Amino acid sequence: MEVVIVPDAKSGGELIAEAMAQLLRRKPEALLGVATGSTPLPIYQALTAKVRSGAVDTSRARIAQLDEYVGLPAEHPESYRSVLRREVLEPLGIGMDAFMGPDGTAEDVQAACEAYDAALAGAGGVDLQLLGIGTDGHIGFNEPCSSLASRTRIKTLTEQTRVDNARFFDGDISQVPHHVITQGIGTILEARHLVLLATGLGKADAVAATVEGPVAAVCPASALQLHPHATVVVDEGAASKLKLADYFRHTYVNKPEWQGI
Ligand code: F6R
């Protein structure tokens with residue numbers, strides 16, 4: 001696992017946007033797996049700036065969704081499909097025809113989950129998967145004790161996650177759905193490169209468990225330790241509980257093991 005400590009969220013966003021730009025220059029039709037929530041916004045802003053300045057061309061890029069609320073109509077402003085259209089697709093000039101995501105309103109949720117896993121594989125797999133992390137260590141919406149081999153499926157959100165996400169629903173927790181469809185941990189691990197961004201003190205415990213704890217389902221993000229190319233980008237707040245922080249700073253500066261994010 002590569003751990004990169006950056007001064008702040010903006011620099012993390014720029015570093016990751018540059019990695020995405022490099023991937024798109026190499027592979028213009030790359031399938032980019034995207035996350036929602038607050039953390040990745042600096043990535044999307046930095047990538048949009050690159051598109052606008054002509055530094056990268058996203059006209060052939062494809063976008064895959066990580067997770068979705070169950071039961072929110074697609075046009076609801078907080079459905080992740082709507083959020084991604086607003087924050088990623090429109091700014092990057094990518095059409096909905098290049099977008100894939102699970103159907104959170106399907107009558108047969110299990111079939112929709114299986115169909116999404118099959119669609120991801122049929123599209124050649126995700127080239128670079130962006131991830132945030134929950135305060136409880138979730139990736140996607142694989143809450144603690146999710147199987148590390150799980151496939152895309154329905155999950156129940158923890159109370160903590162619903163409290164954390166109430167800010168997107170005018171602070172009203174009763175509006176936060178209880179269920180989600182999420183790519184499974186096994187599904188996520190199939191992406192060619194995993195890039196997790198974590199910012200702020202509130203993520204420090206989850207980051208320490210992810211990077212320095214054992215691989216354990218109680219901290220789903222610790223599954224990144226099993227991936228051959230996983231990069232964890234953290235600001236000083238999120239890095240504040242890492243015992244090996246100085247070592248990570250040293251290895252990044254000297255780049256002897258740097259695989260290029
Ligand atoms: C959302 C997702 C979640 C978030 C996590 C952190 O698509 O996959 O795992 O990344 O809940 O959310 P923020 O970034 O809002 O703190």
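Modeller: The largest pocket holds about 420 Å³ of space. A pocket here is an open set of points on a 1 Å grid over the protein atoms alone, where a 1.4 Å probe fits, with protein on both sides within 12 Å along at least five of seven lines. Grid points are joined across faces, edges and corners, and the volume is the space filled by probe spheres set on the points. This is a predicted model: local features need pLDDT of at least 70, side-chain atom pairs count only at pLDDT 80 or more, and totals for chains, interfaces and linings use all residues. Residues are numbered from 1 along each chain as its sequence is written, and side-chain values use heavy atoms, with hydrogens and water left out.

Start with the lining. It has 25 residues, and the closest to the pocket centre are Thr39, Ile133, Gly134, His138 and Lys203. Lining residues have an atom within 4 Å of a point. By class, eight are nonpolar, 13 polar and four charged. Nonpolar covers Ala, Val, Leu, Ile, Met, Phe, Trp, Tyr, Cys and Pro; charged covers Asp, Glu, Lys and Arg; the others, Gly among them, are polar. Helix H5 (residues 159–165) gives the most to the lining, with three residues. Helices (H or I, at least four residues) and strands (E, at least two) are DSSP runs, numbered from the N terminus.

Take Thr39 next. Its place is the loop between strand S2 (31–34) and helix H2 (41–53). Thr39 counts as buried because its relative accessibility is 12%. Buried means under 20% relative accessible area, exposed over 50%, and partly exposed in between (1.4 Å probe, protein chains only). Leaving aside neighbours within four places in sequence, Thr39 is in contact with Leu197, Ala198, Thr199 and Lys203. Contact means heavy atoms within 4.5 Å. Lys203 is also among the residues closest to the pocket centre.

Helix H5 also holds Asn165. At 9% relative accessibility, Asn165 counts as buried. Beyond four places in sequence, Asn165 is in contact with Tyr69, Tyr80, Phe141 and Val176.

Now the record. An unreviewed UniProt entry lists Asp67, Asp136, His138 and Glu143 under "active site". Such annotations may be inferred rather than shown by experiment; the positions use the numbering here, and feature names are shortened. From this set, the pocket lining takes in Asp67 and His138.

Asp136 sits in the loop between strand S6 (128–131) and strand S7 (153–156). Glu143 is in the loop between S6 and S7 too. Asp136 counts as buried because its relative accessibility is 19%. Glu143 counts as buried at 3%. Leaving aside neighbours within four places in sequence, Asp136 is in contact with Glu143, Pro144, Thr158, Thr161, Val218 and Pro220.

Last, the wider setting. The unreviewed UniProt entry gives "domain: Glucosamine/galactosamine-6-phosphate isomerase" for residues 11–225. Over residues 11–225 the chain is 35% helix and 14% strand. The end C-alpha atoms of that stretch are 24 Å apart.
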